[in-house]
Amino acid sequence: MEFENKTYIITGATSGIGKCVAKELAKSGARLLLLGRNLNSLNKLRDELNSPNNHDIAIFDSNKLDSIELAVAKFADKFKLNGFIHSAGVLSPMLLRDLNLDKMSELININLLTFFALAKATLKHNRYVKNDTSIVAISSMAAFGAEPGLSLYGASKAALNSAVSSLAKEYAKKGVRINAVAPLYVNTPMYDDFVNNFISQEAHKSKLNEIMPLGLIEPSDVAKSVLFLLSSQSSKITAECIKISSGGGMMKFKWKIA
């Protein structure tokens with residue numbers, strides 16, 4: 001099996017895309033370190049995975065990025081790493097008038113700086129498998145467009161794409177591949193929150209087919225691209241971003257906040 005006995009770290013593992021990727025990797029024989037903010041949710045997820053005793057869990061606080069180094073160091077003492085998936089993220093649409101330092105720091109910490117902290121912890125000498133390590137960041141189509149209320153979110157994802165590209169060049173000679181996947185709207189709790197608080201159920205129902213002719217993206221659609229980028233089938237692909245648009249372009253919903 002492609003991922004038998006390989007070792008990966010997943011942020012945002014208890015929900016949405018991260019949870020789906022965790023289940024697919026566990027099903028394929030991978031060993032996982034699941035990172036999240038809620039211990040009960042992490043324990044519940046581990047119990048749902050194939051071979052639950054193969055997997056570790058750890059709490060991390062995006063406002064205390066050193067907690068990532070501690071969690072990774074403990075895990076890497078037992079197993080060499082084959083990569084990680086940075087799926088943790090927050091959307092929080094906000095107009096400029098509503099932005100403040102605390103909200104900006106929280107979003108940038110989760111969407112961007114956690115990726116750097118995880119890369120720095122994973123790619124330390126002797127922690128990863130040379131010529132067999134692949135890293136995937138979950139980006140967003142928002143990185144390529146411009147919508148009211150998405151200045152901070154879009155900027156964080158654009159910066160994430162830039163970090164992926166630069167670090168991929170930095171580590172290519174060490175056999176480490178680093179890529180991103182950028183979906184449009186995905187059927188996750190984050191999207192439910194977006195529909196309920198920032199657009200409307202009416203806008204969602206009337207505009208979705210126009211915005212995404214191929215339908216709302218499922219977490220499994222994104223997970224397939226993630227597993228492809230982790231696998232040997234993509235062994236010559238690095239510094240790339242796979243867009244999953246479902247035939248659409250950008251957001252184009254009428255927002256409540258605009």
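Visitor: To how many disulfides does the count come?

Guide: The count comes to 0 disulfides, where a disulfide is a pair of cysteine sulfur atoms within 2.5 Å. Keep in mind that this is a predicted model, with local features needing pLDDT of at least 70 and side-chain atom pairs pLDDT 80 or more, while totals for chains, interfaces and linings use all residues. Residues are numbered from 1 along each chain as its sequence is written, and side-chain values use heavy atoms, leaving out hydrogens and water.

Visitor: How do you know that the sulfur of Cys20 is too far for a bond?

Guide: The closest cysteine sulfur, in Cys241, is 19 Å away, which is too far. Cys241 is likewise in no disulfide.

Visitor: What makes Cys20 count as buried, and how does Cys241 count?

Guide: Buried means under 20% relative accessible area, exposed means over 50%, and partly exposed is in between (1.4 Å probe, protein chains only). Cys20 has 16% relative accessibility, so it counts as buried. Cys241, at 26%, therefore counts as partly exposed.

Visitor: Why is Tyr171 called buried?

Guide: Its relative accessible area is 16%, so Tyr171 is buried. Tyr171 lies in helix α5; helices (H or I, at least four residues) and strands (E, at least two) are DSSP runs, numbered from the N terminus.

Visitor: With which residues is Tyr171 in contact, leaving aside its neighbours within four places in sequence?

Guide: Tyr171 is in contact with Leu123, Tyr128 and Val176, contact being heavy atoms within 4.5 Å. The C-alpha atoms of Tyr171 and Leu35 are separated by 24 Å, and these two residues are 136 apart along the chain.

Visitor: How do you know that the span of helix α8 agrees with its 12 residues?

Guide: The expected span is 1.5 Å times one less than the number of residues. For α8 (residues 219-230) that should be 16 Å, and the end C-alpha atoms are 16 Å apart, so the two agree.

Visitor: Which residues in α8 are buried, and what covers them?

Guide: Buried residues in α8 include Pro219, Val222, Ala223 and Leu230. Their cover includes β1 (7-11), α1, β4 (83-86), β5, β6 and β7 (241-244).

Visitor: What is the volume of the largest pocket, and what makes a pocket a pocket?

Guide: The volume is about 790 Å³. On a 1 Å grid over the protein atoms alone, a cavity is a set of points where a 1.4 Å probe fits but cannot get out, whereas a pocket is an open set with protein on both sides within 12 Å along at least five of seven lines; lining residues have an atom within 4 Å of a point. Points are joined across faces, edges and corners, and the volume is the space filled by probe spheres set on them.

Visitor: Which residues lie nearest the centre of the largest pocket, and of which classes is its lining?

Guide: Of 34 lining residues, Ser87, Ala88, Gly89, Val90 and Met190 lie nearest the centre. The lining has 19 nonpolar, 13 polar and 2 charged residues; Ala, Val, Leu, Ile, Met, Phe, Trp, Tyr, Cys and Pro count as nonpolar, Asp, Glu, Lys and Arg as charged, and the others, Gly among them, as polar. Helix α6 gives the most to this lining, with 4 residues.

Visitor: How does the lining of the second largest pocket divide by class?

Guide: That lining has 3 nonpolar, 8 polar and 4 charged residues, and the second largest pocket holds about 150 Å³ of space.
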